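Student: Hi! I'm new to this one and would like a walk through it. Can we start as soon as it's on screen?

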Amino acid sequence: MNEKVNASAPQFDKDDILVVNNLVKWFPIKAGFFKRTVGHVRAVDGVSFKIKRRQTMGLVGESGCGKSTCGRTILRLIPKTSGDIFFDGKNVSTLGKDEMRAMRTRMQIVFQDPYSSLSPRLPIGEIIGEAVREHKIVAPDQFDDYITMVMEACGLPEYYKERYPHEFSGGQRQRICIARALALSPEFIVCDEPVSALDVSIQAQIINLLKKLQQDFGLTYMFISHDLSVVEHISDIVGVMYLGDMVEYAETEKIFSAPLHPYTKALFSAIPIPDPDAKINRIILRGSIPSPANPPHGCKFHTRCDHCMEVCKYAAPQWKEVEPGHFCACHLYDNDEEKAKAEEIMAKEKAEGNTIENEAEVL
């Protein structure tokens, strides 16, 4: 059994709008005629972090690491397996149907694909106003003026109301998606790779729009992206995920200038530098990302890590604050007590005959 060592989550503070404590989301793998559960895909496997009001948290990592699943689980679009999600001091996981319905207006999402996230059968005015009418955000006689105000805040003129999604470009559709989320007067928005399907010039417009809306309406963002340069530009704090685990979390300037985890260092070394004469010290990871249905024993990154130690193969590292405001899960930063505990786990695994010599080849 892979015994995972976890430290307590960051302590709750009145300035924190979102606190996630050891969040887990496993998807069952079913097989056979009776569709019995034969395993689990560990999409999110014990993630802890917090976001302060009016901050933007960037969430990065390779495809399949669990970024989008984490965001959707926080919003309860998909049910969690375990863990706690606190929004403005309330445990979202325990809210009843009516309480969660009221909470929906305060937590919104902008989906990745602006082409498939809009109904082709409704005009833009109805798409943006549908939830406004359902949640009774404004009085009926103020509805049209309110939708116009929201559209103009997102750079959409009023005469777009009667047009349909197929009449717009990708950048305009993403503005419509942002307007739909903004119309409910949310405090927190999950931006699930909102610019990945757009041209570079349009990406800049959408990023600038998000930053302006944040200033005007006091929004808090969780910004999920593959583009590290965009994350560095828009984020106040950054979390790095690998195979369902959060491996590092810190302020943007701190994590980009002095990353701690070997995976973060390799990830950031891939950021292109707009200078043909600059020398890039690229860190090439060996192998490919393992399956989340059968993750490696111990530290999940040890099969690809150049700093792998014997203990990494047996004991999962603790999630801890290595320096003020800089969290990391890596045995390289263990103190004496943590080293002793990890070595105890390793000795126990070896005594039970759980040898892991050729795991990299098996994976």
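Student: Okay, and what am I looking at, an experiment or a prediction?

Tutor: This is a predicted model, where local features need pLDDT of at least 70, side-chain atom pairs count only at pLDDT 80 or more, and totals for chains, interfaces and linings use all residues. Residues are numbered from 1 along each chain as its sequence is written, and side-chain values use heavy atoms, with hydrogens and water left out.

Student: Back to the strands. Which residue stands opposite Ser82 in β4?

Tutor: Val24 does. Asn21, in turn, stands opposite Asp84 in β4.

Student: What is the strand order in the open sheet?

Tutor: The order is β2-β1-β4-β5, an open sheet of 4 strands with antiparallel pairing. β2 (36–52) and β5 (90–91) stand at the edges with a single partner strand each, so one side of each has no neighbour in the sheet.

Student: How many bridges join β4 to β5?

Tutor: There are 2 bridges, and the strands run antiparallel. Phe86 stands opposite Asn91 in β5. The hairpin of β4 and β5 has 2 residues between the strands, and Asp88 takes a positive phi near 55° there.

Student: Where do the side chains of β4 point?

Tutor: They alternate along the strand. Buried means under 20% relative accessible area, exposed is over 50%, and partly exposed is in between (1.4 Å probe, protein chains only).

Student: Which helix lies across β1, β2 and β4?

Tutor: That's helix α1 (residues 67–74), running at about 115° to β1. Axes are lines fitted to C-alpha atoms, for helices over the stretch in contact, and angles run from 0 to 180 degrees between N-to-C directions. Contact means heavy atoms within 4.5 Å.

Student: Now helices against helices. At what angle do α3 and α4 pack?

Tutor: α3 and helix α4 (residues 143–153) pack at about 115°, with their axes 10 Å apart. That makes α3 roughly perpendicular to α4. For that wording, angles under 35 degrees count as roughly parallel, over 145 as roughly antiparallel, 65 to 115 as roughly perpendicular and the rest as oblique. The contact is made by Ile124, Gly125, Ile128, Gly129, Val132 and Arg133 of α3 with Phe143, Tyr146, Ile147, Val150 and Met151 of α4.

Student: And what is buried in α4?

Tutor: Phe143, Tyr146, Ile147, Thr148, Val150 and Met151 are buried. What covers the buried residues of α4 includes α3 and α5. Gly155 follows α4 and has a positive phi, near 80°.

Student: What about α5 and α6, how do they pack?

Tutor: Helix α5 (residues 170–182) and helix α6 (residues 200–217) pack at about 20°, with their axes 10 Å apart. They are therefore roughly parallel to each other. Gly171, Gln174, Arg175, Ile178 and Leu182 in α5 meet residues of α6, including Ile202, Leu209 and Phe217.

Student: Which residues have a positive phi although they are not glycine?

Tutor: Two to look at are Ser185, with a phi of about 55°, and Glu193, with about 50°. Most residues other than glycine have a negative phi. Ser185 is in the loop between α5 and β7 (188–192), and Glu193 is in the loop between β7 and α6.

Student: Are those two buried or exposed?

Tutor: Ser185 counts as partly exposed because its relative accessibility is 47%, whereas Glu193 is at 6% and counts as buried.

Student: Last one: where is Pro114?

Tutor: Pro114 is in the loop between β6 (107–110) and α3 (124–134). At 0% relative accessibility, Pro114 counts as buried. Leaving aside neighbours within four places in sequence, Pro114 is in contact with Gly170, Arg173, Gln174, Cys177, Ala197 and Leu198.

Key. Two strands pair if DSSP finds at least two bridges between them.
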